[in-house]
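Please look over the two-chain model shown here before reading the report on how its chains meet.

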Amino acid sequence: MSASMISDRTLLSWLDGDPVRLERHLTEHPEDTDRIDHLTEAPQLGEQLRDAMTMPEGFLTRLSALRGADQSRREAAQVLVDLFSTAWRTAAVLFADEEQ
Amino acid sequence: VTGEADSGVLVDDRPHEAPPTGVDLEDALAELGPSIYRVALSVVRDPSLAEDAAQETMIRVWTNIARFRGDSSLRVWVLRIAHNVSISMLRKRRDQVTDPHDMSVEAPPSKGPDRTAEGRAMMNELWRSLDDLDPLSRAVVVLREVELMSYEDIAEALDIPLPTVKTRLFRARRQLATKLEAWR
């Protein structure tokens, strides 16, 4: 698919001043995406952002520990639920037998 | 029926592929940890709040993995949860803070190779420039430039239309490039 007849300058002016119009244009002419992508390319940006967003020390270790703690919490909660529901479940079985 | 639960997790009652096994999930989450943190940081801008958001994301993923529909990649699904959790935490933080200056945060300390003073100053400038973008634009630029995701995956992860992803990205790039040029 070939690009539309809209000039680079117009596309950039829409980008800066009328993004809604540019969105409409890209909906009708998705083939122009590559052109604007190229016009706004910032080759170092990804690397710079990655450097600026480094993880705190020990982050992955803490996440891993969190998984273990979360599992223990769930297991403890399940034990409590089982413990407190035993009497009800026993009664339900007994009464069900009596009704029969 | 498809909807979005309060947890920010897509749920539906259509049949779906079996969720990944526990071992696969562990591996996947270890691999996704840094991406989750960066998405959170892009939204909340505070390293300690970003870590809280990342932890909350992990818990929601473990809790809701059975609801994973399998019609997007696990990565997109997880990052969508990370984004929703981060937005929610940011709103809570804004409600709690009365002085806007309390919201501004320093750039996180860089752990990269030893930097020159100029390199550190440039990093701080980039961090400040990110402040001028709205949270959605920051998330778009991070998902594209750092996580190298496709426009389609970004649209799905952030739940916004495809043309919006593009215009947010291109505007953010221009804004950041202009700021960094001016600084140089």
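The report below covers the basis of the model, its confidence and the interface between the chains.

## Basis and confidence

This is a predicted model, in which local features need pLDDT of at least 70 and side-chain atom pairs count only at pLDDT 80 or more, while totals for chains, interfaces and linings use all residues. Residues are numbered from 1 along each chain as its sequence is written, chains are lettered from A in the order in which they are written, and side-chain values use heavy atoms, without hydrogens and water.

Among the elements of chain A, the highest mean pLDDT, 94, belongs to helix α1 (residues 8-17), and the lowest, 75, to helix α5 (residues 59-99).

## Extent of the interface

Contact, defined as heavy atoms within 4.5 Å, involves 43 residues of chain B and 36 residues of chain A. The buried area, meaning the accessible area (1.4 Å probe) that two parts lose on being put together, summed over both, is about 3,800 Å² between the chains, and carbon and sulfur atoms give 63% of that area.

## Salt bridges

Between chain B and chain A there are 3 salt bridges, each requiring a side-chain nitrogen of Lys or Arg within 4 Å of a carboxyl oxygen of Asp or Glu. Arg174(B) forms a salt bridge with Asp16(A), where the closest N and O atoms are 2.5 Å apart.

Definitions and conventions. pLDDT is the predictor's confidence in each residue, from 0 to 100. Helices (H or I, at least four residues) and strands (E, at least two) are DSSP runs, numbered from the N terminus.
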